[in-house]
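Please look over the chain shown here before turning to the questions about its fold and some of its residues.

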Amino acid sequence: MPILHRGALIGRLDPKAHRKEGVFEVKALFLEPGVHPDEELATALATTLRSCAAWHGTPDVAIRRCDPPAFGILLKRALSYHSSFHRG
């Protein structure tokens, strides 16, 4: 599935909604060459993933594989912050 940000294709992801378990799994996420993986992008994508997960009835988001790996760390951090901010 393509990832669009500010009108540009920035990456692709392979999602799977496990409704019974309540998990929105991102099996793999790949950024396009030349995309700068920063905190702003991670925060924007985390917000979008949370929204998509909620629409599917899967409140937990799991990132399994990310390229580049450093962006996976930023994204997981943003997801964790977003989750604790809205629960607390």
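The questions and answers below concern a predicted model, and they go from the whole chain to single residues.

Q: In what order do the elements of the chain run from the N terminus on?
A: The chain of this predicted model has two helices and five strands. Read from the N terminus on, these elements follow the order β-β-β-α-β-β-α.

Q: How does the radius of gyration of the chain relate to the globule rule for 88 residues, and what is its value?
A: The C-alpha trace spans about 35 × 25 × 25 Å along its principal axes. The globule rule gives 12 Å for 88 residues, and the chain comes close to that figure, so it is as compact as a globular protein of that length. The radius of gyration of the chain is 12 Å.

Q: What share of the contacts in the chain with a separation of 6 or more comes from residues 24 or more positions apart?
A: Buried residues make up 40% of the 88 residues in the chain. Among contacts with a separation of 6 or more, the share that joins residues 24 or more positions apart is 58%.

Q: How far apart are the mean positions of the positive and negative charges of the chain?
A: The accessible surface of the chain comes to about 5,600 Å², and 57% of this surface belongs to carbon and sulfur atoms. The chain carries 12 positive and 9 negative charges, and the distance between their mean positions is 6 Å.

Q: Is Ala-42 buried or exposed?
A: Ala-42 is found in helix H1, where it touches Phe-71, Leu-74, Leu-75 and Ala-78, leaving aside residues up to four places away in sequence. Its relative accessibility is 1%, and because a value under 20% is the criterion for burial, Ala-42 counts as buried.

Q: Which residue makes a polar contact with the side chain of His-56 through its own side chain?
A: His-56 lies in the loop between H1 and strand S4 (60-63). Not counting residues up to four places away in sequence, His-56 touches Ala-17, Arg-19 and Phe-24. The polar contact, at 2.8 Å, joins the side chain of His-56 to that of Arg-19.

Q: Is His-36 buried or exposed?
A: His-36 belongs to the loop between strand S3 (23-31) and helix H1 (39-55). Its C-alpha atom is 9.3 Å from that of Ile-10, a residue 26 positions away in sequence. The relative accessible area of His-36 is 60%, and since over 50% is the criterion for exposure, His-36 is exposed.

Q: Is the peptide bond from Asp-67 to Pro-68 cis or trans?
A: Asp-67 is in strand S5, whereas Pro-68 is in the loop between S5 and helix H2 (69-87). The peptide bond from Asp-67 to Pro-68 has an omega near 10°, and it is cis.

Conventions:
Residues numbered from 1 in each chain as written. Predicted model: local features only at pLDDT ≥ 70, side-chain atom pairs only at ≥ 80, totals over all residues. Heavy atoms only, no water. Helix = DSSP H or I, 4+ residues; strand = E, 2+ residues; numbered from the N terminus. Buried < 20%, exposed > 50% of the residue type's maximum accessible area, 1.4 Å probe, protein only. Polar contact = N/O pair within 3.5 Å; in protein donor to acceptor, adjacent residues only side chain to side chain. Contact = heavy atoms within 4.5 Å. Rg over C-alpha atoms; globule rule 2.2 N^0.38 Å. Areas by Shrake-Rupley, 256 points an atom, 1.4 Å probe, with all protein chains shown as cover. Lys, Arg positive; Asp, Glu negative; His and termini not counted. Charge placed at Lys NZ, Arg CZ, Asp CG, Glu CD.
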